[in-house]
Amino acid sequence: MSQATDQKSSERSATLLIYCPDKKGIVYFVTNFLYKNNGNILYLDQYVDAQGQMFFMRVEWDLKDFSIAAHEIAEVFSANIAEKFQMKWKLSFSDERPKMAI
């Protein structure tokens, strides 16, 4: 593996966008999921719409030492966290480019 390839893989990150009904423990469960799987949080922002009682969160973490393979994260997250909190969520990766038409 070349040094350029090593550097690119070490800079790869995942971003999770979440929204769901506001409940206690959401931040704990999401961040604990990342911690237990050796994820290093690079950015986290959260917001509660008190009027609509909805919780919103964006969390980005480094995949360098993450213990779950990228192609398995969605399934594991859904089964262990998202279903419990009735989350709507989207997972993306820093090395994926959205398809666009001009």
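This is a predicted model: local features need pLDDT of at least 70, side-chain atom pairs count only at pLDDT 80 or more; totals for chains, interfaces and linings use all residues.
Residues are numbered from 1 along each chain as its sequence is written, and side-chain values use heavy atoms, with hydrogens and water left out.

The chain has three helices and four strands, where helices (H or I, at least four residues) and strands (E, at least two) are DSSP runs numbered from the N terminus. Along the sequence they follow the pattern α-β-α-β-β-α-β.

Now to the pairing, where two strands count as paired if DSSP finds at least two bridges between them. Strand β2, residues 40-49, runs antiparallel to strand β3, residues 54-62, and nine bridges join them; besides the pair I began with, Asn 40 has Asp 62 in β3 as its bridge partner. The hairpin of β2 and β3 has four residues between the strands, and there Gln 53 takes a positive phi near 50°. Strand β3 also pairs with β1, again in the antiparallel sense and over nine bridges, with Thr 15 standing opposite Glu 60.

What touches the most other members in the largest nonpolar core? A nonpolar core here is a set of buried Ala, Val, Leu, Ile, Met, Phe, Trp, Tyr and Cys residues joined through side-chain atoms within 4.5 Å, and buried means under 20% relative accessible area, exposed over 50%, and partly exposed in between, with a 1.4 Å probe and protein chains only. This core has 23 residues, and those touching the most other members are Ile 18, Val 30, Trp 61, Phe 66, Ile 73, Phe 77 and Met 87. At least two residues each come from β1 (13-21), α2 (26-36), β3, α3 (70-85) and β4 (88-93), and the largest share, five residues, is supplied by α3. If contact means heavy atoms within 4.5 Å, then Ile 18, leaving aside neighbours within four places in sequence, is in contact with residues including Val 30, Phe 55, Phe 77 and Met 87.

Strand β1 also contains Pro 21, which counts as partly exposed because its relative accessibility is 28%. Not counting residues up to four places away in sequence, Pro 21 touches Ile 26, Gln 53, Met 54, Phe 55, Phe 85 and Gln 86. The C-alpha atoms of Pro 21 and Gln 86 are separated by 7.3 Å, although these residues are 65 residues apart along the chain.

Finally, some values for the whole chain. Of its 102 residues, 30% count as buried, and among contacts with a separation of 6 or more, 69% are between residues 24 or more positions apart. The accessible surface, from the Shrake-Rupley method with a 1.4 Å probe and, for residues, only the protein chains shown as cover, comes to about 7,200 Å², of which 50% belongs to carbon and sulfur atoms.
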